[in-house]
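Please look at the sequence together with the model shown below, and follow the side chains one group after another. The paragraphs start at the surface and then turn to rings, charges and loops.

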Amino acid sequence: MSGIMGNKYRHEYKYRIDAGQAAILEMRVSMLLQPDPHAGESGTYLIKSLYFDDYNERCFKENEDGDDNRSKFRIRYYNDDHSCIRLEKKSKRNGMTLKESCLITEAMCREFMVGRIPQITDEMPQKMKSLFLEMQLKCLMPKIIVIYERKPYVCPIGNVRVTFDRSISASNDVLHFLEPEITIRPILAKGESVLEVKWDELLPDYIRNQLELESLRWSSFSKYYLCRKYDCYGGLDI
């Protein structure tokens, strides 16, 4: 399934796993797939994302209702590196996902953090104009920060990507999104993490069989939803 600007919709499945499952699955995956070279020597990287929603909490409610055709906006950067900050729109349709993105400056990011959409100018790339305009029309505002550590593995066959996301935490301190130290709170039970499996047209059987996906606890909820759910209702029983 093709998307906008030549991007493709991908399969994406998420599973909540405990520490024992994570240890077994990561051992299996490490023997089948290659570590993502972008993760560096440690094999992991830190992800910080600032998520947006409108005044009616449309994104939150669509996720809670299980709407299979939805989208959300976020700003993301890695390892506290401000030289590469991306604005992303992630869409879901019929169980598949599409990500559109553009690089933004730190100054633009700071405008988003206080609830302002940067002014659209003629010299901006078309993708940036499109994303900024959609955010303006939807009156999107910064809502919550999601922070976690990711250990990724990749396989060129089927463009498969398997990630283990640990220490998932949230923060309401959106004005300090770019700061290295902010107040956070964990949103999963101790030892829990999230396994994500993504691929294009094909997930090879040898990978599927080793992951034993059918026996895992599948989750339809996004990290954004989990963090907002915790924030709104103050509990981990999701």
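L32 counts as partly exposed, because its relative accessibility is 31%, where buried means under 20% relative accessible area, exposed means over 50% and partly exposed is in between, computed with a 1.4 Å probe and protein chains only. This is a predicted model, in which local features need pLDDT of at least 70 and side-chain atom pairs count only at pLDDT 80 or more, while totals for chains, interfaces and linings use all residues. Residues are numbered from 1 along each chain as its sequence is written, and side-chain values use heavy atoms, with hydrogens and water left out.

The place of L32 is in helix 1, where helices are DSSP runs of H or I with at least four residues, strands are runs of E with at least two, and both are numbered from the N terminus. L32 also belongs to a nonpolar patch on the surface, which it forms with M27, M31, I157, L202 and Y206, and together these residues have about 590 Å² of accessible area. Such areas come from the Shrake-Rupley method with a 1.4 Å probe, and for residues only the protein chains shown count as cover. A patch is made of residues with over 30% relative accessible area and no salt bridge, with nonpolar side chains (Val, Leu, Ile, Met, Phe, Trp, Tyr) joined within 5 Å and like charges within 9 Å. Helix 1, which covers residues 19-32, gives the most to this patch, with three residues.

The aromatic rings come next. Across the whole structure, a search finds eight aromatic pairs, a pair being two rings of Phe, Tyr or Trp (its six-membered ring) whose centres lie within 6.5 Å, with planes under 30 degrees apart counted as stacked, over 60 as edge-to-face and the rest as tilted. Y13 and W199 are stacked, because their ring centres are 5.5 Å apart and their planes stand at 15°. This pair links distant parts of the chain, since Y13 lies in strand 1 (residues 10-17) and W199 in strand 10 (residues 193-199), 186 residues apart. Y13 is partly exposed, with a relative accessible area of 29%, whereas W199 is buried at 6%.

Y77 and F177 form an edge-to-face pair, at 5.1 Å centre to centre and with 80° between the planes. Here too distant parts of the chain are linked, with Y77 in strand 4 (residues 69-78) and F177 in the loop between strand 8 (160-171) and strand 9 (185-186), 100 residues apart. Y77 counts as buried at 1% relative accessibility, and F177 counts as buried at 0%. Elsewhere, ring pairs link F52, F112 and F132 into a cluster.

What do opposite charges do when they come close? Side chains of opposite charge can pair when their charged atoms come close. Counting as a salt bridge any side-chain nitrogen of Lys or Arg within 4 Å of a carboxyl oxygen of Asp or Glu, the total comes to 29 salt bridges. One of them joins K14 and E12, at 3.6 Å from N to O, and both of these residues are buried. In another, the closest N and O atoms of E100 and K127 are 2.6 Å apart, and this pair links distant parts of the chain, with E100 in strand 6 (residues 96-104) and K127 in helix 4, 27 residues apart. E100 is buried, with a relative accessible area of 3%, and K127 counts as buried at 13%.

The side chains of E134 and K138 also meet in a salt bridge, at 2.8 Å from N to O; E134 counts as buried at 17% relative accessibility, while K138 is partly exposed at 26%. Salt bridges that share partners join E12, K14, K90, R150, D165, E196, K198 and K223 into one network. The charged end of K223 also sits over the ring of Y148, 4.7 Å from its centre, which by the rule used requires NZ of Lys or CZ of Arg within 6 Å of the ring centre and within 35 degrees of the ring normal.

Two loop residues complete the tour. I117 lies in the loop between helix 3 (106-113) and helix 4 (126-137) and is buried, with a relative accessible area of 19%. Leaving aside its neighbours within four places in sequence, I117 is in contact with F112, F132, M135, Q136 and L140, contact meaning heavy atoms within 4.5 Å. T44 is found in the loop between strand 2 (34-35) and strand 3 (45-53), and it is buried, with a relative accessible area of 19%.
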